[in-house]
Each structure stands twice: as structure tokens, then as C-alpha cells.
Amino acid sequence: MISYILRRAMYAIPILIGVNIITFVLFFVVNTPDDMARMHLGMKRVSEAAIVKWKDERGYNKPVLFNHSANGAKKITETIFFQNSVKLFIFDFGRSDSGRDIGYDISQRMWPSLAITIPSLIVGLLSYISFGLILAFFRGTYVDISGVILCVIMMSISGLFYIIGGQYLIGKFLHLVPISGYDTGLNAVKFVFLPVLVGLIGGIGASTRWYRTIFLEEMNKDYVRTARAKGLSELRILYRHVLTNGLIPILTGVVVILPSLFIGSLIVESFFAIPGLGSYTIDAINRQDFAIVRSMVFLGSVLYIIGLILTDISYTLVDPRVRLN
Amino acid sequence: MPVIFITDFLIFLLLFGSIAFFLYARKQEHLTAPWKEIKKQPLAMSSAVILSFFIIFGLLDSAHFHPRIETDEKSENVYSNEILSVLDLLLKDLRLKTEKTYSAPLASYSFSKELIELEDGKKIRDYPRLLYGGANLDNPKTDSTSDIIKRISLGFLYGLLISSVIILLIIFSLSKVRNEKFIITLKKCLSKNLETNWMSIFITMSILFIVIAVIYHLSQNYHVFGTDKVGQDVLYQALKSIRTGLVIGTLTTLVMLPFAIAMGLMAGYFRGWVDDVIQYLYTTLNSIPGVLLIAASILLLQVYISNHANDFNSIEQRADLRLLFLCIILGITSWTGLCRLLRAETLKLREIDYVQAAKAFGVSNYKVMLQHLLPNVMHIVMISIVLDFSGLVLAEAVLSYINIGVDPSMYSWGNMINSARLEMAREPIVWWSLTAAFIFMFILVLAANLFSDAVRDAFDPRLREF
């Protein structure tokens, strides 16, 4: 098992190197630091000195790949590629273009993100599985058909409308919880409620339909027929056999997004003013802070790859038919 | 003087490509059989009618030109700098009838109070009359309701008339094609005895024509969806947004299609190191979160545009480049799914006898892939095109909301929602921009979803959602 995990982790290294090269090319080769400086300082009539100063302050004044003027190993290390891209591998994110320590910001901001994403995931999973089971149980009847129609209709509405609608209803009429903002400790609960609810409603359509399909697929298999032949009640078949087997694809689908929960949701966080990593990224995009966007791209990829490895491992744990090779 | 944007060119390329593919597919039994299945389904045909209305609007909006300026001397043609489309020409009334600021749907008075000077010199604060909304009425406070009802019923009658004429024409030409008497074809259509479910097509068409006629009659004298902050008609914005939505939904797939097909087929057919390289490529691209990759790329495009501001002749051209770039980036983030599916299918197909036989006869690899593999994975390509469409239209709105979508100067539902965010906080709220964007997006996406479900079920019964 351990050797299997190690092998999977080794496989991730070339992918990470690839991601690193892509971000490097995107941020330093397609547009040079000079372009970025000019963009930040204003388009026209920027003096050469101001550009050099901007680059000096942010450490973009080194050669891109190879430093001829330095000695020994510094020929490689004193370059933009090494300082700004290779160092990402040891999670040294450096400083943002406005001078803040990105690593510190990330460690502070991941908690509000988790406060939204973890409850969303748990509540969502429980309700979607229940809805999916209900529709599968009533398959072919009017309950099922109207449920599927409702799902398709809900799928066709943009998530933005759920957020705007939710904020409007709660904020204007019901006054139950604040419509945006965040607080620490237990006070956070009332701020978390609305984003979680909106996230739940927004995902109902697609997820319920998908889970229903999974359960129906299981229901057509031979072991269910055997169970029926044994005289088990339909409910018992549903819970003991269909649910447990249907959970395999569902769980593995969930495991892959588990690490990405740290990053949070860009849209939800910016709408509800949650100070998490999602809104951090959005702010960086709007302020055109390249250092933060670069770090988040790399961090996001790392977390996704960890998710992939976890998925493979969880497959072998949940489903004994899958062999380790 | 015509102007051709890059996206215009690609749209018409796509149009001719689809027509060519349609002509090719008509002779292929395995591609026509599923369509026969789809033609029978009422929901699928209704959605198809709705989608084709959207497509017509989009195509009309894709033919751009510089309008000619009317001058006294007849010797020379002078062209305006402005770039218009054929749709702009048709919607001239909507485009030019701008108010001062917000006005509610079908209103005759402005949304906010202003200082008005009366004829006797006194100044009062009241809601001023709109320039165009209800302009034909002497006393809108009492007359506007009856005027609106009159226009709605008139529009209803016209819509009914136009749609009945078109339906009768269709039935007439059908009867000619089928060599039957008109009455017999009519009866068959009504009793759903034909291969195509004409009944649902006719009903959807009538409803659409009636809605369009009603809106047309109302828009002669009112702003059907109100006006926005600078007094522009919201209906006009929503109609102009159709093109943006369609471009994102279709061109993205078009851009990525050649790569996905070539890579998928090569990986599955050659296996070995080719397969390894391609798999590595798509795993790497896939592991970068899509939104962040789009954000990074759009940021870089902004840097490029701001440093090369002189290279663009007009705002429209710049917006168009950004739209195309967005399509390409969305394509890069979304081709991996199709590529993986094609690889898996090709892995299976290459072991089947006819491929082995072709190889034994010494057919070149290139020809095997083109003639024996490609036609047999075409159904997967088609399913993925229609399945991706609605997701991409929705994605456009979200991306525009976080400012990494289309250019802010471009009409799009995402930009409408984005600007409506601040309007929701006003008291009383300005709800019409949001509502218009919601209605248009919802209808397009719902129709696309229903249609793609039908296509998927027909082409790949294995994926059927029971």
C-alpha cells in the first residue's frame, strides 16, 4: 500500500513541473516584467527609471533563466525562474506585488473558506443523496418525472441568480441573517448560513439528477434482482444494497475535490464578502496582482493533484475489486 | 461597407461547416438513425425551434458593416466610423430611442423625480414624461393601460396570423414533397403520423411568433423591459447579448475540436509514448483550476491590449479579440474531457476486426484514423458539442461577473447581471435589467439542456438517464 502511494506521488511530480512551467511562461515570457510594470504604473509616458524601480521592489529585476553575472550556483538561483517559480515547490510564495507575505495571507484566509465549503459539502451531499434516492425509489411515477423536470429547470438557472435571489429575499424580507460579511468564532455561524443554503440550492438540479442516474444504474444490476427474489422489501434493498454500492462513485467523486475545499469558491465568497481564499483571488485579479494569481494557480493545481491521488487510494479502500497496480 | 470581425468569420465558417456536415451525415445511416429518433420527441423539437430563433438573431447580429452617411454630394460614399450589424438595423427604433435614465417596463413617466418647469414658470418636483415611452398618449395616467392592452391584443392577432400563414405554407410544401393532398398531410400532422413531430414545432412556433409580435407592437411606443442607467433600452441589450452567448457556446467547442479529436485519436490509436505524452499534457492542463487559468490568461491579455492600444481601430475590434481569446482559453480548459472520451473509445475500436483488416491491407495510419476511426467516434463528438453548450453560456455570465469574461463594453447577459447588482440595492429597486437577462438566459439554456438530453439519449443509449 505504501509503495503504491509513493508511486502515485512520484507520478505527480512531472505534472507539477508542467504546471510550474505553464505558469512561468504565462506570467514571465508571454508578458515580460516590463509590460507588467508599465501596466501598473500607467500606460504612457512611464520613465525607464520608474519601471526599473518597480521591478527592483518586487525582485523582477533578475535575468529570466540564466544569470551570467553571478557566480557558481547563483548563476541558476539568482533568476526570476528560480526565485518566483521553483520556490513554489517548497510553498515559498514570496511577496505579493503590493508587498504582503502571500504565504501568511493564505494561512490566515483558508479558515473562512473552509467554514463555508465544509458545511456546504456535508449538507449538500446528504440532501442530494436523499433526493436522488427518493427519485430512484419512485422511478417512473409522477413524483420521479416532476422531480427530474424540476432538476432540469433548476440546472438551467445561472448560479448568480440563486445568490442574488437569496440575498434579496433574506435581506429585504426575512431579516433572519446578515446578507454578507464574516465574523470569527461562533458568530460566524449566522454569516455562514446563507452562503451554504444558496450553494445547496444552486447544486440541487445537476447533482440530484446525477445521483439518481447512479442509483438507477445500480438498481438494474443482477444483485438487486437476487435481493428482490429473496423477498427483501424495496426499502431495504435501497438502503442496504443500492445505497452502499452507489456510494462508491459518489465518494470517489467527492474525494477529488476535498483538498480544493481550502481554496473556497470564488463567486460565493466575493458575493457574501467572506474573507477567504476565493475572494483573495478575486481581489488579486481585480487589482491585477500577478504574484498572488500565480501562487493561487500553483496552489490550486497542487491541491487538485493531491485530490487525484486520494481518489485512487480511496478506490482501493472502498472497492476491494480494484487492484493496486 | 462590410466589416468582418474574426468571430464573425468563425461563426459563418461554423455555419457552412455545419451545413456541409449535415449534407455528409445525411448519407450515413448510423448518423441519421438517431436524428429520426430525436425528430419524434416533442420536447426536443420545441427546443430546436427555440434554439433556431436564437441562432437567427445571433446570425443577424454577426453581419457587421460601417453605415453610409447621407451626404449632399452624390459623388463619393462617406462611411461612418460606427460599426453596426444587420440586427442593429432591424432594431433601429430600440437602439436610438434612449431616455435620460432609468425607466420601468412599459412606463410613460421617468423612474426618478426631477425638477420640472411648468408653463406658467412655476417649478415642481415630479416624475417627468419619458421622451419615447408612451409618447403618443395625451394623458398616460389614464390611457396607458388601455393602450397597452390594445397593443397586446393587436400583437396577438398579428402573431397568430403570421404563424398560421407560415404553418400552412410548411404543410403545403410538405404535401408537395410527399405527393399527397393538402388535407391528408394536414391530418397526418395533427395526428402526429409523420416522422417529425410537427405538432410541437407548430405550437412552439406560434407561441414565439405571438410573443415577438406582441413585443414588437409594444416596443413601438414603450420600453418593454424598461431602460437602464444611461437610458438605453434593456430589451435591445438583451437581444444583442444573444450573439455573445452563442459565440461563447459554439466557438469554444469549434476552437478545441480539432485538437481534442486529433489528440484523442492519436493517443488511442498509437498508444505507447504518444499516448503517454498526450495523457501527460491533458492531466497537466486539467490540474490547473479552470477559473484561475482563465483569470491569469485574461489578465495577460489586458496587459497586451493596454501595451498595444494603437493596434486596434475600434473598441468593437478590441472587444472582439477579447471574446475570441476567451473562447480559446475556455476551449483549452475544456478539451480534455472530450479528448479522454475519444481516447478510450479509440482504444476499444482499434482492436475491432475492420480496423485490423485495414491495417493488414497496408492502409496508412493516417487513413485508418480518418476513414475508419473518425466516423465511428463522431457520435461522441456530437454529444459533447451539445452537452457543453449550455454550461458555456452559464460560464460566460459568471466570468463576466468577476471581470474576467467578455469586454465590459460588449453586450452580454453577464455584464447585464453585473451592472444590475448595484441596482438591486436601490430603493425602489431596479429589477428589470436582471429580469430580462434572467428570462433570455433561462430560455436559451433550458432549450439547450432539453435538446442536448434528447441528442445524448438518441446517440448513446448507454448514457441514457433512464
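Predicted model: local features only at pLDDT ≥ 70, side-chain atom pairs only at ≥ 80, totals over all residues.

Biologist: Is A:T117 buried or exposed, and which residues does A:T117 touch?
Modeller: The relative accessibility of A:T117 is 13%, and because buried means under 20%, A:T117 counts as buried. Once residues up to four places away in sequence are set aside, the residues that A:T117 touches are A:L261, A:G264 and A:S265.

Biologist: What share of the residues in chain A is buried, and what share of the contacts joins residues at least 24 apart?
Modeller: Chain A has 325 residues, of which 46% are buried. For the contacts, one takes those in chain A between residues at least 6 apart in sequence, and the share of them that joins residues at least 24 apart is 69%.

Biologist: Turning to chain B, where is B:S47 found, and which residues is B:S47 in contact with?
Modeller: B:S47 lies in helix α3 of chain B, which runs over residues 42-60. With a relative accessible area of 3%, B:S47 is under the 20% limit and so is buried. Leaving aside neighbours within four places in sequence, the contacts of B:S47 are B:A447, B:L450 and B:F451.

Biologist: How far apart in space are B:S47 and B:L387?
Modeller: In sequence, B:S47 and B:L387 are separated by 340 residues. In space, taken from C-alpha to C-alpha, the distance between B:S47 and B:L387 is 14 Å.

Biologist: What length does helix α6 of chain B reach from its first C-alpha to its last?
Modeller: Helix α6 of chain B covers residues 140-178, which is 39 residues, and at 1.5 Å a residue the expected length is 57 Å. The length found in the model is close to that, at 54 Å.

Biologist: Which helices do the buried residues of α6(B) pack against?
Modeller: The buried residues of α6(B) include B:S144, B:I148, B:R151, B:G155 and B:G159. An α-helix has 3.6 residues a turn, so residues three or four places apart point the same way. The partners that the buried residues of α6(B) pack against are α7 (182-190) and α8 (198-219) of chain B.

Biologist: Which residue just after α6(B) takes a positive phi?
Modeller: One looks at the position just after α6(B), where phi is about 60 degrees. The residue there is B:N179.

Biologist: In the salt bridge between A:E218 and A:K221, which residue is buried and which is partly exposed?
Modeller: The side chains of A:E218 and A:K221 meet with N and O 3.3 Å apart. A:K221 has a relative accessibility of 38%, so it counts as partly exposed. The relative accessible area of A:E218 is 9%, and therefore the buried residue is A:E218.

Biologist: How many residues from each chain does the contact between chain B and chain A take, and about how much area do they bury between them?
Modeller: The contact takes 48 residues from chain B and 48 residues from chain A. Of the area buried between the two chains, 73% is on carbon and sulfur atoms, and the area is about 4300 Å².

Biologist: Which side chains meet in the salt bridge across the interface of chain B and chain A?
Modeller: Across this interface the rule finds 1 salt bridge. Its nitrogen and oxygen are 2.8 Å apart, and the side chains that meet are those of A:R209 and B:D453.

Biologist: Which element gives the most residues to the side of chain B that touches chain A?
Modeller: The elements of chain B that give two or more residues to this side are α10 (272-287), α11 (290-307), α14 (365-401), α15 (413-423) and α16 (432-459). The element that gives the most, with 13 residues, is α11(B).

Note on methods. Residues numbered from 1 in each chain as written. Chains lettered and ligands numbered in written order. Heavy atoms only, no water. Contact = heavy atoms within 4.5 Å. Buried area = accessible area lost by both parts, 1.4 Å probe. Salt bridge = Lys/Arg side-chain N within 4 Å of Asp/Glu carboxyl O. Helix = DSSP H or I, 4+ residues; strand = E, 2+ residues; numbered from the N terminus. Buried < 20%, exposed > 50% of the residue type's maximum accessible area, 1.4 Å probe, protein only. Expected span 1.5 Å × (residues − 1).
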